Amino acid sequence: MADELSTDVIETSLEGLLATHEAGEKFSDAQLDTIADLAISCVRELLSFFGENSCVIDEYEGDEGELILDVNGGNLAVLIGRHGRVLDSFQMIVSSLVNRKLGFHFPVVVDIEGYKNRRKQKIESIALSAAARAKSHGRVRLKPMNAYERRLVHLALINDTEIITHSEGEDPERCVVITAVRSD
């Protein structure tokens, strides 16, 4: 009986979320909590397949309105993988599960032990260093990056009027090129 009641409450909450989304309205704090609870439930379910049942999941809202889930504790290095590739796949699975249950797209970012934040800071540092090299050498081509990392480079350098950036090549070898703007 209790399971039926909780399932009815969840279905009613999800229907309310869909109606709010379709009306183009902003989600209330209670609705955002429902989305976060659903996302955390999906993450916990996936973590259980790796024998990780005691992880702490912190939730917060990102700069662009996305839900960020930061998972800490346990032996989670395997879920990060080389250059975060496994983490990117894990996030895609979580996003797919959450969006399917919601019935609409809601941005969910999964981070493990702050890896993405550390990686973002490193990419920004690489971008600033490469911009300085481009100013003295004329042009710098960075190593291939995924779309998210390339975007971070472009955003880190967007206000620097002495250089321009663009991406070239085809994935997975697509990279950012930083070129100095010469004033005559």
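This report looks at the cysteines and the charged surface patches of a predicted model.

## Ground rules

In this predicted model, local features need pLDDT of at least 70, side-chain atom pairs count only at pLDDT 80 or more, and totals for chains, interfaces and linings use all residues. Residues are numbered from 1 along each chain as its sequence is written, and side-chain values use heavy atoms, with hydrogens and water left out.

## Cysteines

You'll find 0 disulfides here, a disulfide being a pair of cysteine sulfur atoms within 2.5 Å. C42 is buried at 1% relative accessible area, and C55 is buried too, at 4%. Buried is under 20% relative accessible area, exposed is over 50%, and partly exposed is in between (1.4 Å probe, protein chains only).

## Negative patch

D29, D33, D37, D58, E59 and E61 form a negatively charged patch on the surface. Helix α2 (29-48) and strand β1 (56-61) are the elements that each give two or more residues to it. Helices (H or I, at least four residues) and strands (E, at least two) are DSSP runs, numbered from the N terminus. D33 sits in α2 and is partly exposed, at 42%.

Patch members have over 30% relative accessible area and no salt bridge, with like charges joined within 9 Å. A salt bridge puts a Lys or Arg side-chain nitrogen within 4 Å of an Asp or Glu carboxyl oxygen.

## Positive patch

On the positive side, R82, R85, K122 and K143 make up a surface patch. K143 is in the loop between β4 (139-141) and α5 (147-157), and K143 is partly exposed, at 43% relative accessible area. Charges are placed at NZ of Lys, CZ of Arg, CG of Asp or CD of Glu.

Terms used
Patch = residues over 30% accessible without salt bridge, like charges linked within 9 Å, V, L, I, M, F, W, Y side chains within 5 Å. Areas by Shrake-Rupley, 256 points an atom, 1.4 Å probe, with all protein chains shown as cover. Lys, Arg positive; Asp, Glu negative; His and termini not counted.
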